[in-house]
Amino acid sequence: MRVPIRGLFPGKRAYEPIPEEQAEKIKAWWHELGGDPERLVIDCSSGSRCRLDEAEGVIYVGADINPGEGTDPNSSMRWRAALAHELRHLQRFDTGCQEEPGPLDEALTDLEACAYPQLPPAIRDELAADALQRLYQYINEMKQREKE
Ligand SMILES: [Zn+2]
């Protein structure tokens, strides 16, 4: 399992638009995870971002569903792991279990997404590695705040 190590290149996630054939795979994986097809919107424009639209109660899946060039856990997480993470955001929103937006909420969302029984072990590892990276971020932010 990959763990976040300081000094890894923190890249970005993909910018290129989601290919049409992948959009079908995204819908199929969403369905397999138990997501409601009516609450998934795929944005095939370049540079689009995954996000929860709280007003509409839907997840927008954008170009950054795909990994980028970085070697840190967040940049390299593959799309099946990222989609499980997004579905969990939606479920946390539905149940009112969200923390304020930030690394702690992201880490908890990752860890809860690990519990989907449909996930292969490699996807679970990617979510756990991302959670660990986010927890380090959270702790570093707390340390910064204590200094101020
Ligand atoms: Zn997230």
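At what angle do the axes of helix α3 and helix α5 cross? Roughly 65 degrees. Keep in mind that this is a predicted model.

Helix α3 covers residues 79-94, and helix α5 covers residues 121-147. Their axes come within 9 Å. The crossing is right-handed. Now the residues at the contact. From α3 we have R80, A81, A84 and H85. From α5 we have I123, E126 and L127. Sort them by class and you get four nonpolar residues, one polar and two charged.

Take A81 from that list. Leaving out residues up to four places away in sequence, A81 touches I123, E126 and L127.

Next, α5 itself. Which residues of α5 are buried? Here is the list: I123, E126, L127, A128, A129, D130, A131, Q133 and R134. Note that E126, D130 and R134 are among them. The buried residues of α5 pack against three helices: α2, at 73-76, along with α3 and α4.

As a rule, nonpolar side chains in soluble globular proteins tend to be buried together. Here, the largest nonpolar core has 22 residues. Which of them have the most contacts inside it? They are I65, A81, A82, L83, A84, L87 and L127. At least two core residues come from each of β3 (58-61), α3, α4 (103-113) and α5. Helix α3 gives the most, with seven residues.

Staying in α3, look at L90. L90 is in this helix. Buried or exposed? L90 counts as buried, because it has 20 C-beta neighbours inside 10 Å, and 20 is the cut-off for buried. Its contacts, again without residues up to four places away in sequence, are R39, L52 and I59. For scale along the chain, L90 and W79 are eleven residues apart in sequence, and their C-alpha atoms are 17 Å apart.

First, T71. T71 lies in the loop between β3 and α2. It has 14 other C-beta atoms within 10 Å, so T71 is partly exposed.

Second, E16. You will find E16 in the segment before α1. E16 has 11 C-beta neighbours inside 10 Å and therefore counts as exposed. E16 still touches S46 and A63, not counting residues up to four places away in sequence. C114 is another matter: E16 and C114 are 98 residues apart along the chain, and their C-alpha atoms are separated by 27 Å.

Last, α1. The helix runs over residues 20-32, 13 residues in total. From first C-alpha to last, α1 reaches 19 Å, close to the 18 Å expected at 1.5 Å a residue. What follows α1? G34 does, with a positive phi near 100 degrees.

Key
Residues are numbered from 1 along each chain as its sequence is written. This is a predicted model: local features need pLDDT of at least 70, side-chain atom pairs count only at pLDDT 80 or more; totals for chains, interfaces and linings use all residues. Helices (H or I, at least four residues) and strands (E, at least two) are DSSP runs, numbered from the N terminus. The expected span of a helix is 1.5 Å times one less than its number of residues. Axes are lines fitted to C-alpha atoms, for helices over the stretch in contact, and angles run from 0 to 180 degrees between N-to-C directions. A crossing is left-handed if the near helix is turned anticlockwise from the far one by less than a right angle, and right-handed if clockwise. Two residues are in contact if their C-beta atoms, placed from the backbone, lie within 7 Å. Ala, Val, Leu, Ile, Met, Phe, Trp, Tyr, Cys and Pro count as nonpolar, Asp, Glu, Lys and Arg as charged, and the others, Gly among them, as polar. A nonpolar core is a set of buried Ala, Val, Leu, Ile, Met, Phe, Trp, Tyr and Cys residues joined through C-beta atoms within 7 Å. A residue is buried if 20 or more other C-beta atoms lie within 10 Å of its own, exposed if 12 or fewer, and partly exposed in between; C-beta atoms are placed from the backbone.
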